[in-house]
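I opened my notebook to record what I looked up in this structure, one entry at a time. The sequence and the structure come before my notes.

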Amino acid sequence: TPRVFSGIQPSGGLTLGNYLGAMKRFVEMQGPEFETIYCMVDLHAITVWQDPAALTRNTRELCAGFIAAGIDPEQSILFNQSQVPEHAQLAWIFNCVARMGWMQRMTQWKDKAGKNQQNASLGLFAYPSLMAADILLYHATHVPVGEDQKQHLELTRDIAIKFNNDYGVDFFPVTEPVIEGAATRVMSLRDGTKKMSKSDPSDMSRINMTDDADTIALKIRKARTDPDPLPETLEGLEDRPEARNLVNIYAALADLTPEQVIAEHAGQMFGTFKPSLADLAVAKLSPISTEMARLMDDPAEIDRILARGAERAREISVPVLRRTYEIVGMVGAV
Ligand code: AQP
């Protein structure tokens, strides 16, 4: 069976962007067709400063989020990255395969490092190399992600190809990004040109998976829009990024296409559309947040689930790393 791998950073609370762009897709891919492996990528999170206590709490809360959204830790392998040391070990090998120029071209690096690149962490620069290790350690072929991760996945392919060429092997597979659904790029509620993000300083820019019903409704009501009604066709949303974003969110939550949403709501003003969207969002998200809160009452159980997940992950990662070391020529690898 083909293998799916993906991860989410415990760098803050989960957002609606993470849910629609990634987690909802993870749940949909869980089934007999794929072996599914999902990871809290704490090593990625610390590429920018994380308060230690917050990192611990966010990692457990993210695990609760996975389970509450529908990931079954028996069926999928669900674990925390730093508990499987092979990720960091393979990343080092890939740091020696990848080229500086490849990393320099990454838009996430440019965005997150900002103007003062000299002051960004070395880890932030090497982020895509660790991500390649995450994926290739499991020989995963399918990687569900939001649109923003497409470039990193292309780099994962480049690393796999270069490793195979350099060492004359056919060891690492070429991975396929799975970027599907109506909301592969959920935008900020305050600015339709910026993606919704955990680390945006404005809490009004995002919907958090832990927001209560009133907060969700308030954020949607206050979301930036334009004064025009919803158009008759999707083309009418070109150059209206905020309107397009709300339609996409509606579609993804309702499991419809944006075309279907437009067909149902054509001609509506946002004063009418926004309350429908808020009701839909609350109906879909509050069962998840209620379940997250319940799971968070028992952190010891979450830690047990993560420990068991790490054990299962290592059944795959240990032999792959050993074989990699052997290919590279490291003494003691066999
Ligand atoms: N706005 C988004 N729309 C669609 N998908 C999104 N993802 C993130 N934001 C959106 C997808 O969620 C997965 C996990 O993302 P991540 O936590 O690893 O990192 P990120 O992309 O950097 O997410 P954030 O929320 O913006 O975190 P910070 O602020 O810490 O950088 C990925 O599949 C991503 O595509």
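**Before starting.** I note that this is a predicted model, in which local features need pLDDT of at least 70, side-chain atom pairs count only at pLDDT 80 or more, and totals for chains, interfaces and linings use all residues. Residues are numbered from 1 along each chain as its sequence is written.

**Whole chain.** I looked up the secondary structure and found 13 helices and five strands in the chain, where helices (H or I, at least four residues) and strands (E, at least two) are DSSP runs numbered from the N terminus. I then looked up the radius of gyration, which is taken over C-alpha atoms, with a globule rule of 2.2 Å times the number of residues to the power 0.38. For 334 residues, a compact globule would come near 20 Å, and the chain agrees with this at 21 Å. Along the principal axes, the C-alpha atoms fill a box of roughly 70 × 45 × 40 Å. Of the 334 residues, 42% count as buried; a residue is buried if 20 or more other C-beta atoms lie within 10 Å of its own, exposed if 12 or fewer, and partly exposed in between, with C-beta atoms placed from the backbone.

**Helix 4 and helix 7.** I looked up how helix 4 (residues 86-95) meets helix 7 (residues 122-136), and their axes come within 8 Å and cross at roughly 120 degrees. That angle makes helix 4 oblique to helix 7, since angles under 35 degrees count as roughly parallel, over 145 as roughly antiparallel, 65 to 115 as roughly perpendicular and the rest as oblique. Axes here are lines fitted to C-alpha atoms, for helices over the stretch in contact, and angles run from 0 to 180 degrees between N-to-C directions. Residues meeting across this pair include Leu90 and Phe94 in helix 4 and Leu130 and Ala133 in helix 7, where contact asks for C-beta atoms, placed from the backbone, within 7 Å.

**Helix 10 and helix 11.** I found helix 10 (residues 241-254) and helix 11 (residues 258-265) packed at about 105 degrees, with axes 8 Å apart, and these two helices are therefore roughly perpendicular to each other. Val247, Asn248, Tyr250 and Ala251 of helix 10 make the contact with Pro258, Gln260, Val261 and Ile262 of helix 11.

**Leucine 321.** I located leucine 321 in helix 13 (residues 299-328), where this leucine is buried because 21 other C-beta atoms lie within 10 Å. Not counting residues up to four places away in sequence, leucine 321 touches Glu86, Gln89, Leu90 and Leu137.

**Lysine 150.** Lysine 150 is in helix 8 (residues 150-167), and I noted that this lysine is partly exposed, with 15 other C-beta atoms within 10 Å. Leaving aside neighbours within four places in sequence, lysine 150 is in contact with Pro177 and Ile179.

Most residues other than glycine have a negative phi. Which phi does histidine 139 have? I read a positive phi of about 50 degrees for histidine 139, although it is not a glycine; this histidine sits in the loop between helix 7 and strand 4 (142-144). Aspartate 239, also not a glycine, has a positive phi of about 65 degrees and lies in the loop between helix 9 (213-222) and helix 10. With 8 other C-beta atoms within 10 Å, aspartate 239 is exposed.

Conventions. Contact = placed C-beta atoms within 7 Å.
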